[in-house]
Amino acid sequence: MIVSFLNQKGGVGKTTLAVHTAAGLALEGLDVILVDADPQGSALDWLAARRKPPLFSVVGMPRPVLHRQVPRLAAGVDAVVIDGPPSLANIARSAMVASDLVVIPVQPSPYDVWAAGDLVELVAEARIDRDQLDARFVVSRRIANTVIGRDVTEALGEWPVPVLETHITQRVAFAESAATGLAVMESAPGSAAAAEARSLATEVMALVTNIRRAAA
């Protein structure tokens with residue numbers, strides 16, 4: 001199972017979602033590798049802040065060779081999660097070609113919805129080399145107790161990419177856990193943030209399972 005989190009915009013929560021999906025899968029007993037393909041190395045920084053034994057391995061690979069190297073990594077584990085770069089350069093396309101599923105985090109703002117079209121086009125191009133590639137939007141950093149999450153879901157309906165049922169809310173727990181290299185499932189297991197993170201990992205795992213069954 002290979003899942004990549006990609007968006008050309010910074011600050012959409014891409015690393016947060018990649019780290020927590022990897023953590024959610026690992027806590028379900030899967031052997032997971034997180035590939036940090038972002039030149040800024042945010043996932044590696046997260047791991048460096050951790051004092052507990054890691055839930056999963058993190059490998060830095062901010063190079064456009066992911067489509068060749070990631071499948072080799074995936075052969076030895078249950079899941080690979082890719083934290084992509086904040087651009088639509090060759091690294092992003094390489095990540096897509098390597099993946100079963102591309103998850104595109106979108107903040108609830110018109111600017112993010114408009115920019116989503118560029119990712120949709122890149123997914124279409126990547127399917128030339130990876131015809132089984134699937135893609136989903138995920139609403140990220142939603143403001144609690146507002147209807148804006150619903151509104152962005154409706155706005156994203158203009159693109160031929162479905163939206164995940166799980167929405168990730170902007171919560172202090174995510175920032176606090178990042179500072180210590182923990183997932184919210186570890187630092188605040190009973191929190192709403194942890195429930196959202198677990199839901200995202202479960203939904204992603206089910207999607208990829210269905211994708212692979214359909215391709216078999």
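Guide: Start with the word helix. A helix here is a DSSP run of type H or I with at least four residues, and helices are numbered from the N terminus. Keep in mind that this is a predicted model.

Visitor: What follows helix 7, and what is its phi?

Guide: G181 follows helix 7. Its phi is positive, near 70°.

Visitor: Which residues of helix 7 are buried?

Guide: A173, F174 and S177 are the buried ones. They cover an arc of only 100° around the axis, so they sit on the same side of helix 7. On the other side, V172, A175, E176 and A179 are exposed. Exposed means a relative accessible area over 50%.

Visitor: Why is T15 called buried?

Guide: Set the value against the cut-off. Buried means under 20% relative accessible area. T15 has 17%, so T15 is buried.

Visitor: Where is T15 found, and what is it in contact with?

Guide: T15 is found in helix 1, residues 14–27. Contact means heavy atoms within 4.5 Å. Leaving aside neighbours within four places in sequence, T15 is in contact with S42, A43 and D83.

Visitor: Which residues lie nearest the centre of the largest pocket?

Guide: T15 is one of them, along with V12, G13, K14 and T16. The lining counts 28 residues. Helix 1, helix 2 (42–48) and helix 7 (172–179) each give two or more residues to that lining. Helix 1 gives the most, with six. The pocket's volume is about 520 Å³.

Visitor: What puts the buried residues of helix 3 on the same side?

Guide: First, the residues: L66, V70 and A74 are the buried ones in helix 3, which spans 66–74. They cover an arc of only 55° around the axis, and therefore lie on the same side of helix 3. These buried residues pack against strand 1 (2–5), strand 2 (32–36), strand 4 (79–83) and helix 4 (90–98).

Visitor: Now the sheet. What is the order of its strands?

Guide: The order is 3-2-4-1-5-6. That makes an open sheet of six strands, with parallel pairing. The twist averages 20° from one strand to the next.

Visitor: How do you know that strand 1 and strand 4 pair?

Guide: Count bridges. Two strands pair if DSSP finds at least two bridges between them. Strand 1 and strand 4 are joined by four, and they run parallel. So the pair passes the cut-off of at least two bridges. In this pair, I2 stands opposite V80.

Visitor: And how many bridges join strand 1 to strand 5?

Guide: Three, and these strands also run parallel. S4 stands opposite V102 in strand 5.

Visitor: What makes strand 3 and strand 6 edge strands?

Guide: Strand 3 (57–60) and strand 6 (134–139) each pair on one side only. Strand 6 pairs with strand 5 (101–106) in the parallel sense, over six bridges. There, V103 stands opposite R136.

Visitor: What holds paired strands to each other in general?

Guide: Strands of a sheet pair through backbone hydrogen bonds, either parallel or antiparallel.

Visitor: How do you know that both faces of strand 1 are covered?

Guide: Check each side. I2 and S4 are buried on one side. V3 and F5 are buried on the other.

Methods: Residues are numbered from 1 along each chain as its sequence is written. This is a predicted model: local features need pLDDT of at least 70, side-chain atom pairs count only at pLDDT 80 or more; totals for chains, interfaces and linings use all residues. Side-chain values use heavy atoms; hydrogens and water are left out. Buried means under 20% relative accessible area, exposed over 50%, partly exposed in between (1.4 Å probe, protein chains only). The arc is that of the directions from the helix axis to the C-beta atoms. Axes are lines fitted to C-alpha atoms, for helices over the stretch in contact, and angles run from 0 to 180 degrees between N-to-C directions. On a 1 Å grid over the protein atoms alone, a cavity is a set of points where a 1.4 Å probe fits but cannot get out, and a pocket is an open set with protein on both sides within 12 Å along at least five of seven lines; lining residues have an atom within 4 Å of a point. Grid points are joined across faces, edges and corners, and a volume is the space filled by probe spheres set on the points.
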